[in-house]
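This report examines how parts of one protein chain pack against one another. Please keep the sequence and the model in view while reading.

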Amino acid sequence: MASGVVVSTDSKNVYDEVKKDKKYRYIIYYIKDEKTIEVEVRGEREATYKDFLLTLQNYKSDCRYCLFDFPVSVDVGGNEDKPPMTVDRLVLMTWCPESSKIKQKMLYSSSCDALKKALVGTYKYIQACDFEEADETAIIESLKKGGK
């Protein structure tokens, strides 16, 4: 179900700055006036996942979309002697805490496809409604299961 919410040009441009230019570590998006997905927070490239979770604490009762360029270790195929290498995986999270309003949850849920289509190249989509589901360990486990 589409909500009619559109993704702003700035949202797409900042995404490209994360994906291609490696300018930011994370982005937090919000829906402005129930019409447009806009950038609310840009996390500096040096930020850690813990820094991101600290920022997310500001949204204990508000829905948001979050994109994090998550560094993960992967084994180098074909050679057991080589150490694992670190690659960045773009993770898009729909953050809808239990305490957020039902109307807001419905708007974010129905608008997520528009953002997914606009942010081409995202490795994994995750839904979280509490900090346990957004925990770094949960994200790593999800990434081990593969894309999308």
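This is a predicted model: local features need pLDDT of at least 70, side-chain atom pairs count only at pLDDT 80 or more; totals for chains, interfaces and linings use all residues.

At the start of α4, a side-chain oxygen of Asp 135 comes to within 3.1 Å of the backbone nitrogen of Thr 137. Just after α4, Gly 146 adopts a positive phi of about 105°.

In soluble globular proteins, nonpolar side chains tend to be buried together. Here the largest nonpolar core contains 22 residues. Which residues have the most contacts inside this core? They are Ile 27, Tyr 29, Ile 31, Ile 37, Tyr 65, Leu 67 and Leu 115. Two or more residues are given to this core by each of α1 (9-19), β2 (24-32), β3 (36-44), β4 (64-74), β5 and α3. Apart from this core lies another, of 20 residues, which includes Val 41, Phe 68, Trp 95 and Ile 139.

Tyr 65 illustrates the packing in detail. When neighbours within four places in sequence are left aside, the residues in contact with Tyr 65 include Ile 27, Tyr 29, Ile 31, Ile 37, Met 93, Leu 107 and Leu 115.

## Aromatic rings and charged ends

A pair of aromatic rings is described by the distance of the centres and the angle of the planes. The structure holds nine aromatic pairs. In one of them, the ring centres of Tyr 49 and Phe 52 are 5.3 Å apart and the planes stand at 45°, so this pair is tilted. Both residues belong to helix α2 (residues 49-56), where they are three residues apart, about one turn of the helix. Tyr 49 has a relative accessibility of 6% and therefore counts as buried, and Phe 52 is also buried, with a relative accessible area of 1%. Tyr 49 and Phe 52 form one aromatic cluster with Tyr 26, Phe 68 and Phe 70.

Charged side chains also meet aromatic rings. The charged end of Arg 89 sits over the ring of Tyr 123, at 4.3 Å from the ring centre. Likewise, the charged end of Lys 116 sits over the ring of Tyr 125, at 4.7 Å from its centre.

## Two serines in contrast

Is Ser 100 buried or exposed? Its relative accessibility is 6%, and because buried means under 20%, Ser 100 counts as buried. Ser 100 lies in the loop between β5 (85-95) and α3 (102-118). The side chain of Ser 100 reaches the backbone oxygen of Pro 97 at 2.6 Å. Beyond neighbours within four places in sequence, Ser 100 is in contact with Ser 61, Asp 62, Cys 63 and Lys 105.

Ser 73, by contrast, is found in strand β4 and is exposed, with a relative accessible area of 53%. Not counting residues up to four places away in sequence, Ser 73 touches Pro 84, Met 85 and Thr 86. Ser 73 and Lys 60 are 13 residues apart along the chain, and 30 Å separates their C-alpha atoms.

Definitions and conventions:
Residues are numbered from 1 along each chain as its sequence is written. Side-chain values use heavy atoms; hydrogens and water are left out. Helices (H or I, at least four residues) and strands (E, at least two) are DSSP runs, numbered from the N terminus. Buried means under 20% relative accessible area, exposed over 50%, partly exposed in between (1.4 Å probe, protein chains only). A polar contact is a pair of N or O atoms within 3.5 Å; within protein, one must be able to donate a hydrogen and the other to accept it, and residues adjacent in sequence count only if both atoms are side-chain atoms. Contact means heavy atoms within 4.5 Å. A nonpolar core is a set of buried Ala, Val, Leu, Ile, Met, Phe, Trp, Tyr and Cys residues joined through side-chain atoms within 4.5 Å. Rings of Phe, Tyr and Trp (its six-membered ring) pair if their centres lie within 6.5 Å; planes under 30 degrees apart count as stacked, over 60 as edge-to-face and the rest as tilted. A charge sits over a ring if NZ of Lys or CZ of Arg is within 6 Å of the ring centre and within 35 degrees of the ring normal.
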